Amino acid sequence: MTSTSDSHHSLRGLGAAAALAGTLIVGPASAAAANDASTDRSAGDNAAPHLAVSESDFDKTPNGQQIARYHLTNRNGMAVDIITFGARIQSITVPDENGKQADVALGFDNVKDYIDNQSVYFGAIIGRYGNRIAGGTFKLDGKTYNLPKNNGPNTLHGGTQGFDQKVWAASPIDTGNAVGVELTHFSPDGTMGFPGNLAVTVRYTLDNNNDLRIRYSAVSDKDTVINLTNHVYFNLAGAGSGDVLDQVAMINADQFTPIDKTLIPTGKLKPVKGTPLDFITPTPIGKNIHADNQQLKYAEPKQGGYDFNWVLNTKGNIDDLAARVTDPKSGRTVEMYTDQPGVQFYTSNFLDGSLKGAHGNTLGHWGGFTLEAQHYPDSPNQPDFPSTTLKAGEKYTQTTVYRFLPE
Ligand code: GLA
């Protein structure tokens, strides 16, 4: 992936940017000054678009902990909000071909909704292990570890209190070519049954190419397993605007990991060719979603839906396109690039229209899709899958980019 570095240097100079937006902060020292949320944000929203990051108060947790929101903008009028509760993407506003803005990420506008509706994982960083671990158990170095089961017989997304429910420490980033926020979390040895004290860092950055880049790193003091991902749901027509069945998906994968009825991989890889999972050629998400297919029925027994791990052809090469989804009506497109071996493409099969999101949106069945860059589900129990073991003292890293078009 190439990226140009024409990053508005004149505006990026602190004084100029701050004068334009009235909101720019670049270091912890200025955080207090930026806490007057509403006035600062409206001033920023009216200013000429440019690369900037500002911090404001989002909401408080039930026990009174302040949750911060980091507002990233670029010169194309794109804006991303990251909150410290679950290190989540709370909103992504992108213009369409005609400059019309829409928030394309499903989210809530308060912490209570994120807690009460924990199981949808809107925008969250997922850990310690994204996706499922069969039977809530795995063996490592000859020892058996037991995890809380929160998805039928299995453990999903790190257990009952995963990283999505944690308040992360945060500070703003300004690299010159990008702005963002760095979030850190310390997960003590034994958390949710996983071994090792684990220190995790997630860096979100936005640049003027409309790349929202997520860099993850983690270190443990004991051998452990790890599979981090982000669970943002996209609806390129705008969150709450209906379903995504007309949006056209391409997934650069010849194979997927077939599942059993509890959504655990069988351990085999299967070609997508001739199945409703074939998105090699761009295909509307809804085109084959009702096909009479056993795998689809496991993923969503009633109405049809995708919830599978595709084996990416990119083989860890972040320069190769892993997936692309386009909304033909607005022209908005998201592309994903990643160094991970797989992607979970999930069509919000568990949403049923009873949820109200941010902006009062109703979020219904198929109201969004996820592209969760990841290692394959249940890898700790699948010796033939790429390993998710993190050795004591070694560094886990991941980079995934969501690029939005038109620029
Ligand atoms: C992942 C899973 C889905 C579902 C969602 C959260 O995408 O694969 O089955 O659990 O998370 O609702």
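**Figure 1. Burial of F138 and Y145, two ring-bearing residues of the predicted model.** F138 is buried, and Y145 is buried as well. The structure as a whole holds 21 aromatic pairs. In the pair formed by F138 and Y145, the ring centres lie 5.4 Å apart and the planes meet at 25°; the pair is therefore stacked, given that planes under 30 degrees apart count as such.

**Figure 2. The aromatic pair of F234 and F404.** These two rings are arranged edge-to-face, with 5.9 Å from centre to centre and 65° between the planes. F234 belongs to strand β17 (residues 233-234) and F404 to strand β30 (residues 395-405), so the pair ties together parts that are 170 residues apart in sequence. F234 and F404 are both buried.

**Figure 3. A cluster of aromatic residues linked by ring pairs.** The cluster consists of F234, F256, F279, Y306, F308, W310, F345, F369, Y402 and F404.

Figure 4. The chain contains five helices and 30 strands. It comprises 407 residues, of which 58% count as buried. Among contacts in the chain with a separation of 6 or more, 66% involve residues 24 or more positions apart. The accessible surface of the chain amounts to about 15300 Å², and carbon and sulfur atoms contribute 50% of that area.

Notes. Residues numbered from 1 in each chain as written. Predicted model: local features only at pLDDT ≥ 70, side-chain atom pairs only at ≥ 80, totals over all residues. Heavy atoms only, no water. Phe/Tyr/Trp six-rings, centres within 6.5 Å; stacked < 30°, edge-to-face > 60°. Buried < 20%, exposed > 50% of the residue type's maximum accessible area, 1.4 Å probe, protein only. Helix = DSSP H or I, 4+ residues; strand = E, 2+ residues; numbered from the N terminus. Contact = heavy atoms within 4.5 Å. Areas by Shrake-Rupley, 256 points an atom, 1.4 Å probe, with all protein chains shown as cover.
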